[in-house]
Structure formats: C-alpha cells, structure tokens
Amino acid sequence: MGCAREDSLSHRPILSGRSARGHMMAGCATLALAFAGVPLHAVQAAENVIISDADCERNKAAGTITYISGYGYSASAGQLDVFLAKEMGFFDQLCLTVDINAAGGNGQLLVSSGQAQFTALGSASDVMLAAANSRNLTAVATYGSTSPFSIFTNEAVKSLKDLEGKKLGYFINITPIALAMLDAAGVDVSKVELIKMTNYDPTVVTRGQVDAIVGYASNQPQTLKAMGLPFNQFLPGDLGLQGTYNVMEVNTQFLTEHREAAGDFMRASLKALDICLADEEKCVDMISKLAEENNQGSAFPRDQQARTWSVESNWVRTSAYGPPGVQTHAEWQGEYELNQKFGGLKNPPPLDSMMDVDLVASLYKDGKLIWPEK
C-alpha cells in the first residue's frame, strides 16, 4: 500500500492492530488531500477543528473577521488576547478566519462602516462619547472595573489642589474621569493651564516642562518607576471614582447576522486571555516577538510590555462584575453619569443601545469559560 510505504520510508515506528490501521487511514487522507491540491496548512487546520461540522460551516459563513487594534501590539486586554488567539490557533479550532490590522488608528470608523468587525477601546467613556457620532457599533465586553487613567505629577505637586497655577498636560482630549478627579479634589480648573501634549515622554513631568500629565497608570508612570525617577501619582479610586478598563466593540449588523460566530470570536480571545493571566511571561514574550517581527519592536519593547501587562492583568483579575469580559449596566452606570457631567454628553443614547450584556456572559458556566471538547 502506497501510504504504508511512505510511512516505512520515514522510519517511523511500526504500529499494530487498530492503531496501525487508524494511523494509516489518517495519513492516507492527509496525503490524498495534499495531492488533490489542498494546502498542507489547511489540512492541518481542519484536523484541529474542535466544533461540529454544522457549527464549523456556520462560522465559515461569517466570512473573514477583521479586527482593528487601536494601539498596535500593546500588551493590553482586548488586544493581546486577540493577537495570541490567532497565534495559538484558537480561531482555527473554531473555524474562524481572522485578519488583524495592527496599524489602524480609526477602528471605530472602520467597524461602524462594516470594513472591519471588531475593535477595542480604552474605556466605556470612549464608547459613550463616540456614540453620538458613531452608529452600527455594540460593546460586547468590558475587561475591568478599574479606570486605566491617572494623573502623575512631579514631586513638588503633593496634591491635585496644588495644580492650581500650574501646567497639566493631556493627550488628544482631557478625559471626563480626569476632570471628575479634579472636581472631587476641589480644584478650580480655570486656574490650571491645560496643555495638549504631542510628546509621550513621561520625563517631561520630572524635568518640569509640565507639572503633571493625564496618562495611563500602566504606561508612563511605570516607565518613571523603572527609571527610578521621583514623581507622585493620583488614581480615580483614590477619590472614590470607579471607571472601566478596555471595551471590545463589534459591528452591530455583523453581531445580528452572525451572533454565534461573534461569540466564538470572543470565546477564542478569552481562551487566550485565560492563558495570559496564568502565564504572563509566556504571553509577554509572544506579543513582544510579534511586535518585533512587524516592525513595531521599538514602540513595544519587551520590558515595557512586561510592565504594562503586570498592571493591566491585575485590573482584569480584580473586575468587580464577573469573569473576564463580562459586562453589566451597573458597571457602566457611574461612568455614564460622569460623562454627562464632565464629558459634555448631552441627551446620551440609553445604555441598552450601546452594549450587549448577554453575549460574553453566555460563554461562561460557573465562572469558567466554556471551551468545546473535540
């Protein structure tokens, strides 16, 4: 038999009985497909599928799912896990074809227009503030109940009240939760000089070019700590303010038409996230290698990625509203009200129109992610 001959020529151990017959049959099937012109990687992917034929065909029918990373190869939930779900083969196991755009700076626009299907944002505030202008978007996952923002200052600023008469920098726009922090601390914002930053170097604070910056607690302050530079940091939680950490959005029409496939996309991503919560070093190595291979290594060096994930992974673990990704109206309510007061959110859409609280919750049983068994 031709297949048996190939096996003996490769010097693999001879099997006997049922094992030998099963081994030869599988080998013959693979060779037959290969000779028929089916690429070997496609054959291997098919062999790794862990869902039923019907579910596989259903997911294939969804077509290519394009994910837009809002911040390159950052080691952040809603990004890291998508990249690694693809690398680890979880999408293949669920018959999903996933394409990743790691250079997209306008993820919401692309997803809203249907040119992509998924993208991640920094917080629920980002979803809410864009809701007035963005249609066809639904938030399906929130990864933590800790706001990622902080105000870090040079060592001369001992309290937020000390910012009166001083310079406070911000990126893109000053976030509503930062304004809420200043309000809670009794700061007269009219006495603070607000400066839009174009330089992400956090040492401008320690060198006194500005007195403080509204930044990400997992990024710039961690860099200053690693450099051993003195500074002070103020967090929303210090002032009794709760926020949200990272949100996954999906094209609403896609979610409506391919809900099960959207659920399996999240299932695969959350499977990778579970691994990255258990083995931080492995995942930091993998995402840093991907960044390097795709010419983003200088923007996302491994030491920075490790610092970022060490902070952000804890935000996922300590979420007050359920296992990773599960979101509730209660989780968003405080930020919803905060954005109306400090974000200029006039007549905002109801929370129900912006978020789906059932999709990701349905992927868990007794707090554990449901993963198909072959």
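## Around the largest pocket

Helix H7 (107-112), E3, H8, strand E8 (212-216), helix H11 (220-227), E10 and helix H15 (302-317) each bring at least two residues to the lining of the largest pocket. Keep in mind that this is a predicted model. The pocket holds about 1300 Å³ of space. Its lining runs to 47 residues, and the closest to the centre are Gly70, Gly122, Asp126, Ile172 and Tyr216.

| Class in the lining of the largest pocket | Residues |
|---|---|
| Nonpolar | 21 residues |
| Polar | 24 residues |

E4 pairs with strand E10 (residues 245-251) in the antiparallel sense, over six bridges. Leu137 has Asn251 of E10 standing opposite.

Last stop is Ser123, in the loop between strand E3 (118-121) and helix H8 (124-131). Is Ser123 buried or exposed? Ser123 counts as buried because its relative accessibility is 1%, and the cut-off for buried is under 20%. If you skip the neighbours within four places in sequence, Ser123 is in contact with Phe149, Thr244, Asn246, Val247 and Glu335.

How values were computed
Residues numbered from 1 in each chain as written. Predicted model: local features only at pLDDT ≥ 70, side-chain atom pairs only at ≥ 80, totals over all residues. Heavy atoms only, no water. Helix = DSSP H or I, 4+ residues; strand = E, 2+ residues; numbered from the N terminus. Buried < 20%, exposed > 50% of the residue type's maximum accessible area, 1.4 Å probe, protein only. Contact = heavy atoms within 4.5 Å. Pairing = 2+ DSSP bridges. 1 Å grid on protein atoms, 1.4 Å probe; cavity = no way out; pocket = protein on both sides within 12 Å on 5 of 7 lines; lining within 4 Å. Points joined across faces, edges and corners; volume = space filled by probe spheres on them. Nonpolar A, V, L, I, M, F, W, Y, C, P; charged D, E, K, R; others polar.
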